[in-house]
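Here are some notes for a colleague who is meeting this structure for the first time. Please keep the sequence and the model open while reading the points below.

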Amino acid sequence: MHTVLTDVLQSTLLRIYDELIITDEHGFIIENFGKLLKLKENTCDLAGMNLFEVGKTTFYNETSLDELVNEEKRSIIQTTWNNQRILITYYPAHELDGKKYCTWGLKALSRSDSILMENVVEDKIDFSKSLPKDISRLFIVKSQKMMGVLSTVEMAAKVSSSVLLLGESGVGKEVIARAIHDLGIRKSKPFIAVNCGAIPENLLESELFGYEEGAFSGARKSGALGKFELANKGVLFLDEIGEMPINLQVKLLRVLQEREVTRLGSSDTVKLDIQIIAATNKDIKSLVNEGKFREDLYYRLNVIPIKIPALRERIEELPYLISFFLHKYNGLYDRAIQINQDAIDLMSIYEWPGNIRQLENVIERMVVTSKEAIVDASAVQEFFPLEQEAVQASPPIFNHLMPLQEAMDLVEEQLINMAMEKYKSIKLAAKVLDVSQPTMSRKYKKILAKLSEQTAVPSAKRDILENQLNTRLRSVAIATAAIIQPEEVSELKREPSFSNPIFQKLQSQLTMIRKQAGGIKWAFIFDMVDNKMFRTLAADKDFTMQPGQLYEGTPEFAKVAADAVKGRVGVTKLYRDIYGEWKTSLAPVIDATGKVIALIGYDYSKEYIDSELGKMGRVLKINI
């Protein structure tokens, strides 16, 4: 009877999965049923092999199967080297006769099974579980950044404080505003939206404040309520607040302060109980600095600021958004268009300057105009431009010799880490870098192998990441030092002053380097007085020291400077001086005779360093 039940259970489960694998708690395979994976030459018997090791040689995804082992059921999508997508489900260990056994179910997925599960570990980070049901119903949340946004939305919905929504055009600011209304204490009251940039200035005041009969030429005899009164007890959404004229900003400020409004042509005030949500796609702080937006109004509106990330900053949500819009417009236009996974991969590489609004328009256009029932990667290019604007930059010229392989490795590692940080998927990173998926996986695993000391103490883990970051900062110093002309530096050493034309030219060059390289706080050129004293020759426009001013280097700075004098590019440890806490890269400026005549340096703030180490740690899976 036991055999019959076992056979029936096995047969039933194999209708759900294509293969069942039983392992011990360490991943060693006890038994397997089914013939999905031919992981062993000429046989599908995997007994005795380690599933975790088998996974490393079978799948190219960066997530290892041993990461699933926990006390809860978990699932993951993995892709084999021959591009077969497999759903792997882990069932927690059960103890039998003193031993623990784990069960793994594997199922092959066709392209149409699900476009939503690519590179998603179910239950590993389940954002929806920590969100209120109402919010998870209103939003597609598959990124940490949007999780933060929606946490703030939930808080803003519980109070009547002013909210300022910031973000590029098309990120969904009005959607967020409506969510604050729909989830909040005013959900049964009006939600009134006003686009401050779409209404002519001479009409905007009457639209907002309303008017009495005869208030101005052309006014209705009965007068009209303004948007403030229409939104009373509810929410008023002021979109494109940065376009509001200064004279109306004064009146809006008074409404916010006094919580009352006066119609045009009237002396009577109307008390308001209202929540103001304002939105802009502009840098409103810059508008304040330029005198185009009142500072006091900015602080009144900026009680609860919510920065909505661009689509390119949460690209992991793109498959889910595509599915949502596809379902919406297939239903609206009675179509049955499908989008292949390779098309979604290609769309994930696009920068989406128009954000979610652009994505929705593209999906609608696909549904309406596609002649084929299935849109693949080749067809996607008909619907939006894939060619990104090329960055016009001269290739770096090296005037310091270094091993060619080291230079190539520096560039390759930096590009791979950048691609993985941005797309968080080996498949997408491979497409962007134009290499095969096996090649990308092999190179990325090689990088991870260098940083594989996962059991290290926190300080050791930080050292691992810092060494990787130093490599990147060193490569920036090597590449950019080459544009500095040593003859000009020699001339400047005779008269380092603001009025010297050479100083002005070098100042422009260093400012350009600082802006283009990114992350650099200050860029400078120092002359060496002795082993710890340095003289400022030139610097970027924001540098704190004057031409000719002396700087006493810290021991960390002096040590790397001494190496730079010998022709070696280096990066300091994090150090503190009178100006703050820094990490500095130093490269030599060498004249035609091979003599080091000055040092070019780049300062990076502690805040920037900590931020970069955090990003690299997330990409390389090293927690510090």
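1. Which residue's side chain meets that of Asp527 in a salt bridge? In this predicted model, the partner of Asp527 is Arg535, with a distance of 3.0 Å from N to O. Asp527 itself is buried, since its relative accessible area is 9%, and the cut-off for that word is under 20%.

2. To place that pair in its setting, the protein as a whole has 22 helices and 24 strands, and 47% of its 624 residues count as buried. The protein exposes about 32000 Å², of which carbon and sulfur atoms supply 52%. Among contacts between residues at least 6 apart in sequence, 62% join residues that are at least 24 apart.

3. Arg263 sits in the loop between β12 (260-262) and β13 (269-271), while Glu229 belongs to helix α7 (residues 227-230), so that the pair links distant parts of the chain, 34 residues apart.

4. Another salt bridge to look at is the one in which the side chains of Asp542 and Arg514 meet, at 2.9 Å from N to O. Asp542 lies in the loop between β19 (533-539) and β20 (550-552), and Arg514 lies in helix α20 (residues 501-517), so the pair ties together parts that are 28 residues apart in sequence. Arg514 counts as buried, because its relative accessibility is 13%.

5. Finally, why can helix α12 (residues 341-349) be called largely enclosed by the rest of the structure? The reason is that seven of the nine residues of helix α12 are buried. The buried residues of α12 are Gln341, Ala343, Ile344, Asp345, Met347, Ser348 and Ile349, and a reader may wish to find each of them in the model.

Notes:
Residues numbered from 1 in each chain as written. Predicted model: local features only at pLDDT ≥ 70, side-chain atom pairs only at ≥ 80, totals over all residues. Heavy atoms only, no water. Helix = DSSP H or I, 4+ residues; strand = E, 2+ residues; numbered from the N terminus. Buried < 20%, exposed > 50% of the residue type's maximum accessible area, 1.4 Å probe, protein only. Contact = heavy atoms within 4.5 Å. Areas by Shrake-Rupley, 256 points an atom, 1.4 Å probe, with all protein chains shown as cover. Salt bridge = Lys/Arg side-chain N within 4 Å of Asp/Glu carboxyl O.
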